[in-house]
Amino acid sequence: MKLHWLLRFLFGPVPVYFSALAILIVLTNAQYFGLVGVGVAPRAAKLASSTPVVSVMKYCDIFRGEWVPDREAPYYNHKTCHMIQEHQNCLKYGRPDLGFLKWRWRPSGCELPRFDPLQFLQFARGKSLAFVGDSLARNHMQSLLCLLSQVSYPKDISANPTDQNKVYHYRAYNFTISMFWSPFLVRAREPDHDGPAHTGHHSLYLDEPDEKWVSQISRFDYVLVSAANWFSRPSLFYEKRRLIGCSFCSRQYGVPDLTLYYSQRRAWRVALRAINDLEQLRGRVIVRMLSPMSHFENGTWDQGGDCKRTQPMRANETAMEGRDLHFYTAQMEEFRAAEKVARDKGRRLMLMDATAAMLMRPDGHPSRYGHWPNEKVQLYNDCIHWCLPGPIDIWNDMLFQMLLAE
């Protein structure tokens, strides 16, 4: 008899009901119990009933505006998306201030629709998108992959999984995203630290576009090209296979220090000319302007500089200057010249000018939160790349608007 009452007490309808209720409460409030870390806005379940997204680019300049509070963000985190580069995985590595996630970009004169992953995938059905550039191009691509992970995960079909060049395929949508690693856009050779000269300089062939991406982009529907911060590395400059100059170099080479500004401008000129020379180019090419390199404070990148701010700046609190301004001006001038050539050929080059928006976000970088505090790694504070999730997600709001406008 005692056993009978004990079983009813443990497994009767009332205890089972309250047990189920307790489990439901825990699961629906997982973020508060520390099960998922930063809360993620539950948008995925609502996507099927979303209203159609239309481009607002005809009504306003989406690249000029201010950052405003956004209580709904973020839409993914390090536990819901496993495609975040470790050094940009700020939440995983314990960044304590999370207010930097709670902002969205508002252009002057209109509201920028939030990125809708389901509608993006439906729009992209049967198409292909290529990113060309350096680790910031990869940063951008991984932001897109994480935003799309609310709906679908791709299959990695890269030829070499450990290579910097990547290919991801969304089978249900027949949509492909590719990454072409080309930090200088032109043909380049890594430094030979073990060679007889021990120079540590990259060799840049400034009149030869990098065929690894130039030879491939004609088959893509959309190509997004970017490059900037690698030009700050010590380099030797070649034209017609002859050494003609260098940057951050001594007189041992017998050529002038032409500075990094020479190589950056020349590389963009040659890359854009190569794009315009492609006879079989069928897709749209988007040039993304530079991401700021000036967010280090209290020192340079190699002298203890850091980026510890916790909220955005306003447009009237910051201004482009120094290296950012030089790079931006040269890239814009080369784009405008190439745009005219493309127009004469009946084509259109597109410009993603996200620089002003990102200049206001010194709070969005990994800083020291790209590894565990007790790890023995030789890394500088990262004020170049962007945390994921983070401000860089706005690049995909802008990208989708640009694609819709076409």
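Trainee: Which residue caps the N-terminal end of α4, and which atoms are involved?

Mentor: In this predicted model, the cap of α4 is Asp134, whose side-chain oxygen lies 3.0 Å from the backbone nitrogen of Leu136.

Trainee: Is α4 mostly covered or mostly exposed, and how many of its residues are buried?

Mentor: A residue counts as buried when its relative accessible area is under 20%, and in α4 this holds for 14 of its 14 residues, so that the helix is mostly covered.

Trainee: How many salt bridges does the structure hold?

Mentor: A salt bridge is read from a side-chain nitrogen of Lys or Arg that lies within 4 Å of a carboxyl oxygen of Asp or Glu, and the structure holds 23 of them. One of these joins Arg114 to Asp70, with the closest N and O atoms 2.9 Å apart. This pair links distant parts of the chain, since Arg114 sits in the loop between β2 and α3 while Asp70 sits in the loop between β1 and β2, 44 residues apart.

Trainee: Are Arg114 and Asp70 buried or exposed?

Mentor: Arg114 is partly exposed, with a relative accessible area of 30%, whereas Asp70 is buried, at 4%.

Trainee: Which residue forms a salt bridge with Glu208, and where in the chain do the two partners lie?

Mentor: The partner is Arg241, and the closest N and O atoms of the pair are 2.5 Å apart. Glu208 belongs to strand β8, and Arg241 to the loop between β10 and β11, 33 residues apart. Glu208 is buried, with a relative accessible area of 16%, while Arg241 is exposed, with a value of 57%.

Trainee: Which helices hold Arg265 and Glu333?

Mentor: Arg265 is in helix α6, which covers residues 260-276, and Glu333 is in helix α7, which covers residues 322-344, so the pair links parts of the chain that are 68 residues apart. Their side chains meet in a salt bridge with an N to O distance of 2.7 Å. Arg265 counts as partly exposed at 26% relative accessibility, and Glu333 is also partly exposed, with a relative accessible area of 42%.

Trainee: Which residues are linked with Arg265 and Glu333 in a network of salt bridges?

Mentor: The network links Arg265 and Glu333 with Arg269 and Glu334.

Technical notes: Residues numbered from 1 in each chain as written. Predicted model: local features only at pLDDT ≥ 70, side-chain atom pairs only at ≥ 80, totals over all residues. Heavy atoms only, no water. Buried < 20%, exposed > 50% of the residue type's maximum accessible area, 1.4 Å probe, protein only. Helix = DSSP H or I, 4+ residues; strand = E, 2+ residues; numbered from the N terminus. Polar contact = N/O pair within 3.5 Å; in protein donor to acceptor, adjacent residues only side chain to side chain.
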